[in-house]
Amino acid sequence: MWTAVIVSGIGCYLLKIAGMSVPPKILQNPLVERVADLLPVALLSALIAVQVFASGHELVVDARLVGLGVAVGALLLRAPFLVVVIAAAGAAALTRLWFGG
Amino acid sequence: MSSRPPDGGIVRDGVAVGIATGAYGLSFGAIAVTSGLSVAQACALSLLTFTGASQFALVGVVAAGGAPMSGAATALLLGTRNALYGLRLAPLLAWTGWRRLGAAHLVIDESTAMSVTRGTTEEARVGFLSAGLSVFVLWNLATLIGAVAGESLGDPADLGLDAAVGAAFLALLWPRLHTRTNQVVAVLAAAVALGVVPFTAAGVPVLAAGAVALLAGVLRSSR
């Protein structure tokens, strides 16, 4: 685990310093910019899907989906980050308490 | 940002952004510890990696049972956007030598947003530093508090903390879903990730979804 922590620390710093040091022309091409723009969208969306539906190698529907639904509602109401996270956790916890799922 | 506030306003905005970000830090610390990281590892991530989405990604992959290194790979892919921020910031901030090396660590969503809209180098530097430094201090403080608090919590599932991770990612993704392309990419990426979950090691599905971004980028440009 420590190796992963250090690798991500050094790697993310190198990415930042690279951006600040590389002559703009090299990275400033439309394809690179577009992919870099879409990459966070794809990764975050995949992380949500895996986080909510995956249980080991199986796909399951459980209290986590209730939490995600509540998070969507909170975001539509423009709730701040912490409220969204806590509301989702609370909804999942209550669902488990009531239904034992 | 339609109007440009005076210098005092820039600093105040920067500090406000830092305080708002502290809230993410609390949840990051708590989620990191309940996902299996130690308090020291959670704090080291916030100090060294210092880019929220990447940190959540590493922790999320580990929480799902993935290898820590595939978590780190996901974190690096998410960190690539900071390189693009740096491209835009370098000529604007116009720092060289050790100042640039130090400033690079503060290149994140918030500090970029608070500086790229400024008209002059001086204003950009004030915006960058006030947001970057206040986020750095409060993010790390909040991570420590959240991690220590997270240690004393019971079973993460009883508290719904496994659902909290998905909600945190959704809150990070939400502002990026404003265009049709992004919405389509998000749906396809989720579908690809879930499609390969049964056949691959944890952590791989998320990386596989990165290919959707690559493909979409290539297809869009060929039109």
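Is Ala90(B) buried or exposed, and how many other C-beta atoms lie within 10 Å?

1. **Ala90(B).** This is a predicted model, so read every value here as computed from the prediction. Ala90(B) sits in helix 4 of chain B. Ala90(B) is buried, because 21 other C-beta atoms lie within 10 Å and the cut-off for buried is 20 or more.

2. **Helix 4 against helix 10, chain B.** Stay with helix 4 of chain B. Its axis comes within 9 Å of the axis of helix 10 of chain B, and the two cross at roughly 30°. That makes the pair roughly parallel, because angles under 35 degrees count as such. The crossing is left-handed. Helix 4 of chain B contributes Ser70(B), Ala73(B), Thr74(B) and Leu77(B) to the contact. Helix 10 of chain B contributes Val204(B), Val206(B), Leu207(B) and Gly210(B). By class, this contact has five nonpolar residues, three polar and no charged.

3. **Helix 10 of chain B.** Check its length next. Helix 10 of chain B covers residues 204-221, which is 18 residues. At 1.5 Å a residue it should span 26 Å. Its end C-alpha atoms are 27 Å apart, so the two values agree. Buried residues in this helix include Val204(B), Pro205(B), Val206(B) and Ala209(B). Gly210(B), Val212(B), Ala213(B), Ala216(B) and Gly217(B) are buried too. What covers them? Helix 3, helix 4 and helix 9 of chain B are part of the cover. Helix 3 of chain A is also included.

4. **Helix 3 of chain B.** Helix 3 of chain B has twelve residues. From its first C-alpha to its last it reaches 16 Å, close to the 16 Å expected. Twelve of its twelve residues are buried, so helix 3 of chain B is largely enclosed by the rest of the structure. Among them are Gly52(B), Gln55(B), Phe56(B) and Ala63(B). After the helix comes Gly65(B), whose phi is positive, near 95°.

5. **Helix 3 of chain A against helix 9 of chain B.** Now look across the chains. Helix 3 of chain A (residues 30-53) packs on helix 9 of chain B (residues 180-196) at an angle of about 45°. Their axes are 8 Å apart. The two helices are therefore oblique to each other, and their crossing is right-handed. Helix 3 of chain A brings residues including Leu38(A), Val41(A), Ile48(A) and Phe53(A). Helix 9 of chain B brings residues including Asn182(B), Val185(B), Ala189(B) and Leu194(B). The contact divides into 14 nonpolar residues, two polar and no charged.

6. **The contact between the chains.** Step back to the whole contact. It takes 63 residues from chain A and 83 residues from chain B. On the side of chain A, helix 1, helix 2, helix 3, helix 4 and helix 5 each give two or more residues. Which helix gives the largest share of that side? Helix 3 of chain A does, with 22 residues. By class, the side of chain A that touches chain B has 47 nonpolar residues, eleven polar and five charged.

How values were computed
Residues are numbered from 1 along each chain as its sequence is written. Chains are lettered from A and ligands numbered from 1 in the order in which they are written. This is a predicted model: local features need pLDDT of at least 70, side-chain atom pairs count only at pLDDT 80 or more; totals for chains, interfaces and linings use all residues. Axes are lines fitted to C-alpha atoms, for helices over the stretch in contact, and angles run from 0 to 180 degrees between N-to-C directions. Helices (H or I, at least four residues) and strands (E, at least two) are DSSP runs, numbered from the N terminus. Angles under 35 degrees count as roughly parallel, over 145 as roughly antiparallel, 65 to 115 as roughly perpendicular and the rest as oblique. A crossing is left-handed if the near helix is turned anticlockwise from the far one by less than a right angle, and right-handed if clockwise. Two residues are in contact if their C-beta atoms, placed from the backbone, lie within 7 Å. Ala, Val, Leu, Ile, Met, Phe, Trp, Tyr, Cys and Pro count as nonpolar, Asp, Glu, Lys and Arg as charged, and the others, Gly among them, as polar. The expected span of a helix is 1.5 Å times one less than its number of residues.
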